[in-house]
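Here is a friendly note to read alongside the model. Please keep the structure open while you go through the points.

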Amino acid sequence: MNPSFPAKTVPEFIAYAKANPGKVNMASSGNGTSVHVAGELFNMMAGIKMTHVPYRGAGPAITDLIGGQVQVMFAAMPSALEHVRAGSLRALG
C-alpha cells in the first residue's frame, strides 16, 4: 500500500475500509488477473468494499500506487519488493 495510508496493519486496514466503504481504491494489473481476484476475495472475506481500478499491467498500477492515485494493491512480491525495500510502498502481508 501507499506509505501515506493511515493503516499500518491488516486489522487497521480492515477497520479503515469498513468505516469508509467504497473509498479505498484497489489497483490491479487488469480485470480477472490473480491480483484482481485476490483483492475481491479479500473484500469478501473481510466484509469490506474497495473500489477496483484495473490497469494494463502491474507497472502502471504500481506507479499510481506509489503516486497515491490508488491506496492498495495485492501485488506479486517480485513486482513490489524493490519498492517496499526503498520505502516507497508498505507491505502488510
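**Notes on the aromatic cluster and the overall fold**

1. Phe5, Phe13, Tyr16, Phe42 and Phe74 are joined by ring pairs into a cluster. Rings of Phe, Tyr and Trp (its six-membered ring) count as a pair if their centres lie within 6.5 Å; planes under 30 degrees apart are called stacked, over 60 edge-to-face, and the rest tilted.

2. A word on what you are looking at: this is a predicted model, where local features need pLDDT of at least 70 and side-chain atom pairs count only at pLDDT 80 or more, while totals for chains, interfaces and linings use all residues. Residues are numbered from 1 along each chain as its sequence is written, and side-chain values use heavy atoms, with hydrogens and water left out.

3. How many aromatic pairs does the count come to? By the ring rule, there are four aromatic pairs. Take Phe5 and Phe13: their ring centres are 5.7 Å apart and their planes meet at 50°, so this pair is tilted. Are these two residues buried or exposed? Phe5 is buried, with a relative accessible area of 6%, and Phe13 is buried too, at 2%. (Buried means under 20% relative accessible area, exposed over 50%, and partly exposed in between, using a 1.4 Å probe and protein chains only.)

4. Phe13 also pairs with Phe42: the centres lie 6.0 Å apart and the planes are at 40°, so this pair is tilted. Phe13 sits in helix H1 (residues 10-19) and Phe42 in helix H2 (residues 34-46), so the pair ties together parts that are 29 residues apart in sequence.

5. Now step back to the whole chain, which has four helices and three strands. Starting at the N terminus, the elements run α-β-α-β-α-β-α. Here helices (H or I, at least four residues) and strands (E, at least two) are DSSP runs, numbered from the N terminus.

6. For 93 residues, a compact globule would have a radius of gyration near 12 Å, and the chain agrees with its 12 Å. That radius is taken over C-alpha atoms, and the globule rule is 2.2 Å times the number of residues to the power 0.38. The C-alpha atoms fill a box of roughly 30 × 25 × 20 Å along the principal axes.

7. Of the 93 residues, 34% count as buried. Among contacts (heavy atoms within 4.5 Å) with a separation of 6 or more, 63% are between residues 24 or more positions apart.
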